[in-house]
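This report is written for a reader who is meeting this chain for the first time. Please keep the sequence and the model at hand while reading.

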Amino acid sequence: MAFTLYSLLQASLLVVNAVAVLHEERFLRHVGWGSDQGIGGFGEEPGIKAQLTNLIRSIRTVMRVPLIALNSITIVFLLLFG
């Protein structure tokens, strides 16, 4: 498989899919990345753990509908062109 723009887009779609299916109670809380972890005080900079948790939560919230469309387009494209 050659390294093309399409393969790069497909790999990034797979990574976003993997982040979107992470379940907070089943996986993230056992690792110590639950929503109640890493709550800082007022005015403190959030740590890297809190920032990654917020990123995962926002990807799950914002990318739900676009991922359905992107996955469908990718499947149709792969069925048509191999």
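What follows covers the overall fold, an annotated segment and the largest pocket.

The model is predicted, so that local features need pLDDT of at least 70 and side-chain atom pairs count only at pLDDT 80 or more, while totals for chains, interfaces and linings use all residues. Residues are numbered from 1 along each chain as its sequence is written, and side-chain values use heavy atoms, with hydrogens and water left out.

The chain holds four helices and zero strands, in the order α-α-α-α along the sequence; helices (H or I, at least four residues) and strands (E, at least two) are DSSP runs, numbered from the N terminus.

| Property of the chain | Value |
|---|---|
| Buried residues (under 20% relative accessible area, 1.4 Å probe, protein chains only) | 18% of the 82 residues |

Among contacts (heavy atoms within 4.5 Å) with a separation of 6 or more, 63% join residues 24 or more positions apart.

An unreviewed UniProt entry annotates residues 62-81 as "transmembrane region", although such annotations may be inferred rather than shown by experiment. In the model, residues 62-81 are 95% helix and 0% strand, with the end C-alpha atoms 30 Å apart.

The lining of the largest pocket draws at least two residues from each of α1 (5-20) and α4 (64-81). The lining residues are Tyr6, Leu9, Gln10, Leu13, Leu70, Ile73, Thr74 and Phe77.

Definitions and conventions:
1 Å grid on protein atoms, 1.4 Å probe; cavity = no way out; pocket = protein on both sides within 12 Å on 5 of 7 lines; lining within 4 Å. Buried < 20%, exposed > 50% of the residue type's maximum accessible area, 1.4 Å probe, protein only.
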